[in-house]
Every structure is written in structure tokens, then in C-alpha cells.
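Open the structure in your viewer and keep the selection tool at hand. Each stop below says what to select and what is there.

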Amino acid sequence: MIFDVITLFPQMFDALTQYGITRRAAEQGSFVLHTWNPRDFTTDNYRTIDDRPYGGGPGMVMLAEPLAGAISAARQRQAASGVKKSRMVYLSPQGRLLTHAVVKELVAQPEEGLILLAGRYEGVDERLIRQYVDEEISIGDYVLSGGELAAMVLMDSVVRQLPGVLGDAGSAEQDSFVQGLLDCPHYTRPEQFTNSKLFNAEAVPPVLLSGNHAEIQRWRLQQSLGRTWLCRPDLLAVRDLTKEESGLLAAFQDATKNLKS
Ligand code: 9WO
């Protein structure tokens, strides 16, 4: 997968290429990331990339021309490396919400190049958006200081779904949301906190120590269903439950009721 990012702060993207799973994915060529600084596409002596908004008001607006220069350079590089179609995405609070379904849609077009525009200041000249941007994507209803972190969130969520990126072949399929459910609880050693000043004694659920894999799988599914019902009932409303799942959830709900009374 090929990403080109238009950004005033290219070094921020080291967070993606220098750490963890996404670093390994870059090293093994699962994705390629190029950054383009609009400042390098300015033509004046001051290398100006912003100006005051028409109509007045606080803050500055990113100039259309340096951005268009950077976008064109990114498109040319993508075309030269064999990309048939580049999809131009602007990260903004006005965009379509990034969900697992959107991530899957992007992963399903690996031959398509993505160009991500990360804005700064109060935003970008609207004519640049109208004439160059195919789609706006939001990562949530809040304002950031710029689009860079949103671009990295998008790329991270896409890259971990690419084939061969997660060591354990089944891991991406087992991720929370892949099944439309929240994740189950996780436990690791020690089995008991003894003499700990930091933790009260609290047992690991015995089923996880039983070695019965079928039972463990059922318990985990039940926990996922129960947590989704408790924390995100909206997710359950858009998903049909199998007979087994309905039974597991009913038992979870029953147990919760007993806790309350
Ligand atoms: C600045 C601002 C100031 C006062 C009132 C409203 C305001 N909105 C903005 C604004 O949206 N600034 C943007 C900062 C300009 C473009 C890049 N920025 C950005 C992108 N902030 N937040 C995002 C973003 C992107 C994707 N998903 C969530 C947030």
C-alpha cells in the first residue's frame, strides 16, 4: 500500500515508521510512506504557506497553490511507481467517520494509492478542497491542532489489516470490531497477587487456567457479548446474534442482574 502525506511537519510521521508493528510493516515493504512539505512548493522568498482569511477573523488559512504543488508531486510519484488511481483524502472534522468498515474498504483497494492531506491553522482554502480532494475523513468529533495525528490514526488502522503485518496470522481477524464486538478481558501472570502493596487479591477467572480451549473460547465470546451489551449496545443493534451467542449473552445478563439485586 502506498501512502503520500502532505504535511508541514513530516517528522511527526516517524511515530509510525520508527516504532512497533508499523515500523516492521514499513521495513518489510507492506506499505510505503512519502511525505511532501507544502513549504517546498512555495515560490516566494519567505516560503509563505498561509495567509489571513478573507472576511477577517482570527488565525490563518493554508494557501491553495503550495498545497496543489505538493499534491501534484505526490500524484506524479505514485503514477510513476505504477499506481493507477490516487485517492485524495483530507482529514477533517467534516469528514465521514473512520470506522472498521471504512478501514476494510481502504484495505480492499491495495492497488489504489492514498494521498492524505493534513491541514494546520484554521484550515485550507476551500477551493483546494473542492478541486483536489476526493473525500474527507474524520476520526471523531473533536478538533485537533492539525490533521497529522488523524492521518496517522488512519494509516495505523489500515496497515495492521494488511496481509502479513500481524505476526500471528489470525490476529487481525480476532481484533475487536472485526466481529462487531468489543474485546474480551485479558489476564497474565501472576496467578495470585500475594503480599502486593499495589493489588488486592483477585483471582484470574478459573476457566482461563482450565486448559479447556472450547470452554475458554465460549467464555471469551460471552465476555465480548456482555461488554458490548454493557458499554456499546449500539453495536449489538446492528448485528444479528447466532443461537449460541444469544444464549451466552442471556446467561451474562442473568449474572449481571444477580449482581445488582
Ligand atoms: C479550528 C477552529 C478554531 C475555532 C473554531 C473552530 C475551529 N475549527 C478548526 C479546525 O477545524 N482546524 C483544523 C485543524 C484545520 C484543519 C486541520 N485541523 C484539524 C483536523 N483539526 N482536527 C482535525 C481532525 C481531523 C480528522 N478527524 C478529527 C479531527
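**Stop 1: Gln 222**

Select Gln 222, which is found in helix 8. Keep in mind throughout that this is a predicted model. Is Gln 222 buried or exposed? Its relative accessibility is 17%, so Gln 222 counts as buried, the limit for that class being under 20%.

Now show what surrounds the side chain. Leaving aside neighbours within four places in sequence, Gln 222 is in contact with Leu 248, Ala 251 and Phe 252. Draw a distance to Leu 248. A polar atom of the Gln 222 side chain lies 2.8 Å from the backbone oxygen of Leu 248.

**Stop 2**

The structure holds four aromatic pairs. Begin with the rings of Phe 193 and Phe 199. Their centres are 4.4 Å apart and their planes meet at 15°, so this pair is stacked; the angle limit for stacking is under 30 degrees. Colour both by accessibility. Phe 193 is partly exposed at 29%, and Phe 199 is partly exposed at 48%.

Next, select Trp 229 with Phe 252. This aromatic pair is edge-to-face, with 6.3 Å centre to centre and 85° between the planes. Which parts does the pair tie together? Trp 229 lies in helix 8 (residues 213–231) and Phe 252 in helix 10 (residues 243–260), so the pair links parts that are 23 residues apart in sequence. The two partners fall into separate accessibility classes: Trp 229 counts as partly exposed at 27%, while Phe 252 is buried at 14%.

**Stop 3: Lys 257**

Stay in helix 10 and pick Lys 257. Lys 257 is exposed, with a relative accessible area of 54%. Then draw a line to Leu 98. The two C-alpha atoms are 35 Å apart in space, and the residues are 159 apart in sequence.

**Stop 4: the loop between helix 7 and helix 8**

Go to Pro 190, which sits in the loop between helix 7 (171–174) and helix 8. Check the peptide bond joining Arg 189 and Pro 190. It is cis, with omega about 5°.

Asn 195 lies in the loop between helix 7 and helix 8 as well. Read its backbone angles. Asn 195 is not a glycine, yet its phi is positive, about 55°. At 81% relative accessibility, Asn 195 counts as exposed.

**Stop 5: Arg 47**

Now find the loop between strand 2 (32–36) and strand 3 (50–51), and select Arg 47. Arg 47 has a positive phi of about 55° although it is not a glycine. Arg 47 is partly exposed, at 39% relative accessible area.

**Stop 6: the ligand**

How many residues surround the ligand? There are 18, and the closest are Tyr 90, Glu 122, Ile 139, Tyr 142 and Leu 144. Hide the protein and the ligand alone exposes 590 Å²; bring the protein back and 74% of that is buried.

A backbone N or O atom of Ile 139 lies 2.8 Å from a ligand nitrogen atom. A polar backbone atom of Leu 144 is 2.9 Å from a nitrogen atom of the ligand.

Colour the shell by element. Strand 5 and strand 7 (135–138) each supply at least two residues. Strand 5 gives the largest share, four residues.

**Stop 7: the nonpolar cores**

In soluble globular proteins, nonpolar side chains tend to be buried together. Here the largest nonpolar core has 27 residues. Those with the most contacts inside this core are Phe 3, Phe 31, Leu 33, Leu 116, Leu 154, Met 155 and Val 158. The elements giving two or more residues are strand 1 (2–6), strand 5 (86–97), helix 4 (100–107), strand 6 (113–117) and helix 6 (148–159). Which element gives the most? Helix 6 does, with seven residues.

Not counting residues up to four places away in sequence, Phe 3 touches Phe 31, Val 32, Leu 33, His 34, Gln 78, Leu 114, Leu 116, Met 155, Val 158 and Val 159.

How values were computed
Residues are numbered from 1 along each chain as its sequence is written. This is a predicted model: local features need pLDDT of at least 70, side-chain atom pairs count only at pLDDT 80 or more; totals for chains, interfaces and linings use all residues. Side-chain values use heavy atoms; hydrogens and water are left out. A nonpolar core is a set of buried Ala, Val, Leu, Ile, Met, Phe, Trp, Tyr and Cys residues joined through side-chain atoms within 4.5 Å. Buried means under 20% relative accessible area, exposed over 50%, partly exposed in between (1.4 Å probe, protein chains only). Contact means heavy atoms within 4.5 Å. Rings of Phe, Tyr and Trp (its six-membered ring) pair if their centres lie within 6.5 Å; planes under 30 degrees apart count as stacked, over 60 as edge-to-face and the rest as tilted. A residue is near a molecule or strand if one of its heavy atoms lies within 4 Å of it. A polar contact is a pair of N or O atoms within 3.5 Å; within protein, one must be able to donate a hydrogen and the other to accept it, and residues adjacent in sequence count only if both atoms are side-chain atoms. Accessible areas come from the Shrake-Rupley method with a 1.4 Å probe; for residues, only the protein chains shown count as cover.
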